[in-house]
Amino acid sequence: MPLRPTAAALFTAAVLALGTAAPGAAAASDTVSTLPSAAAAAAATATATASGSFQQVTGFGTNPGNLAMYTYTPAGLPSGAPLVVALHGCVQSATDYYRSSGWTKFADQYGFAVVFPQTSSVNNSLSCFSWFDAGKAARGVGEARSVVEMVTKAESLYGSDARRVFVTGLSAGGGMAADLLADYPDVFAGGAIDSGLPAHCAATQAAASGCQNSDQGLTPAQWGDKVRAAYPGYTGPWPRVAIWQGTADTVVRPVNATELRDQWTNVQGIGRQPTGTRSLPGGTTQELYADASGKPAVAVFTISGMGHGLAVHPGSGADQCGATGAYFLDTICSGYYTAQFWGLDGGSGPTDPGLPAPTGLTASATAGSIALGWQAVSGAASYQVFRNGGQVGTTTGTTFTDTGLAAGTTYGYTVAAIDGSGTVGARSAAVTATTPGGGAPQCFTASNYDQVLAGRATQSGGLTFALGSGQSMGLWNTFVTHTLKQTGPGFYVLADGQC
């Protein structure tokens, strides 16, 4: 019997021996079909325990990535349920992922539909998703667009809640999941990257191996810029991201988990020190990174001694799932903890968008203090107040006075409403106020490029923003000039024509 190639050989061959992609072809009509007999037989194990239906869906869009769409829907799924997109790894299929990943168990238990996209050897010799190809993994093109077309189709077929769409993937599927989170933060509320790569680590086939095997030497801000550049001008909330990595993975090295953490904590604007750590089964350590509201925005799950694959743990227990096989490794049920992290179990995940942002926020400064006021939000039990991004107080009214402030310093504020269940809603638009006193503020006139070099501004996605106030200054180049006024330590405001 010939030996099966190693995981490393398969993955490396996949990125070095790409097949020629066929042109995308949409089906002539919208069709939902049962599995062909061979696929149905291959899925017999899962069918024996799952209560819903696994089927192919065609006619889901222009399909420029030449992918196939399969779905699993629990029996009696109501309209308005969440949707999970699950991307297989190299040398796998949608049927493999349906049968072994464990996601159907939680679809039945928590009530959501699952889309299983499938690539093929027509696109790639080893059926890998093209996470490393800028022509296939960017917003509006190729495989990325095909997956989003599947989401739109599923929302139409099953009435899925567009606010609760999540994406997960293994290996090359994990790399594509990360790309999708960057390309379409307006579509996906959260993601999970299992033994995968940072978003847009590689833009060409030649660069893929380096991403898999070595530290790319980028700062967190540079990793974050790769996400911000994928959808320039996006100002909405960023997805909640879970990262799964085995310490003995020689195909996608553990440094990728560190780079993913740096990338998504930077995007979320939070620190790289975990706000909570705990031990889980299977030699797993969970690290949580909370946002300013205290809600975990990034989670890193490190599995001691695990190689390359998706973490599953077969059995009937509440925290067990999946089936073992090639690249499905018996350690811990990653789907169980990912579903909890996303809030699909009815917990405190992003399943409830919370109350709308307060409006009419005003700020008035006096010596050592700033008084705030805003319009009431219907249904609010209280409000959280944030100064320069960090929480400084809670109040049940619509006013708040921040005291003990430095003289001659500018502060920025936002406010969020909290409902009766404790869910924190969207933050208001920011306002700034400057306390009186202190020395005369300094002004600096220079090109946007030089303002960034001097540390008075930052750049992201080719755009420039004043440090502290975050005011937009336009393109990051030597041709655009602005005057910045320093109104406090590390705080600058636009002051064109004022100094």
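# Exercises on disulfides, a helix pair and a glycine

A search of the whole structure finds four disulfides, a disulfide being a pair of cysteine sulfur atoms within 2.5 Å. The model is predicted, so local features need pLDDT of at least 70 and side-chain atom pairs count only at pLDDT 80 or more, while totals for chains, interfaces and linings use all residues. Residues are numbered from 1 along each chain as its sequence is written, and side-chain values use heavy atoms, with hydrogens and water left out.

## Exercise 1

Describe the disulfide of Cys90 and Cys128.

Solution. Step one is the distance: the sulfur atoms of Cys90 and Cys128 are 2.0 Å apart. Step two is the handedness: the torsion about the S-S bond is about 125°, so this disulfide is right-handed. Step three is the position in the chain. Cys90 sits in the loop between strand S4 (83-87) and helix H4 (94-100), and Cys128 in the loop between strand S5 (113-118) and helix H6 (142-158); the pair links distant parts of the chain, 38 residues apart. Helices (H or I, at least four residues) and strands (E, at least two) are DSSP runs, numbered from the N terminus. Step four is accessibility. Cys90 counts as buried at 8% relative accessibility, and Cys128 is buried at 0%. Buried means under 20% relative accessible area, exposed over 50%, and partly exposed in between (1.4 Å probe, protein chains only).

## Exercise 2

Solution. The sulfur atoms of Cys201 and Cys211 are 2.1 Å apart. Cys201 is buried with a relative accessible area of 11%, and Cys211 is buried with 1%.

## Exercise 3

Do the working for Cys321 and Cys333, then state the pairing pattern of the chain.

Solution. Cys321 and Cys333 form a disulfide with sulfur atoms 2.1 Å apart. Its torsion is about 105°, so it is right-handed. Cys321 lies in the loop between strand S12 (310-312) and strand S13 (328-330), and Cys333 in the loop between S13 and H11, so the pair ties together parts that are 12 residues apart in sequence. With bonded cysteines counted along the chain, the disulfides follow the pattern 1-2, 3-4, 5-6, 7-8.

## Exercise 4

Determine how helix H5 and helix H11 are arranged, and which residues meet.

Solution. The axes of H5 (residues 103-111) and H11 (residues 334-342) come within 9 Å and cross at roughly 45°. H5 and H11 are therefore oblique to each other; angles under 35 degrees count as roughly parallel, over 145 as roughly antiparallel, 65 to 115 as roughly perpendicular and the rest as oblique. From H5, Trp103, Phe106 and Tyr110 meet Gly335, Tyr336, Thr338, Ala339 and Trp342 of H11, where contact means heavy atoms within 4.5 Å.

## Exercise 5

Locate Gly393 and list its contacts.

Solution. Gly393 lies in strand S17 (residues 390-395) and is buried, with a relative accessible area of 13%. Not counting residues up to four places away in sequence, Gly393 touches Tyr383, Gln384, Val385 and Phe400.

Notes. Axes are lines fitted to C-alpha atoms, for helices over the stretch in contact, and angles run from 0 to 180 degrees between N-to-C directions.
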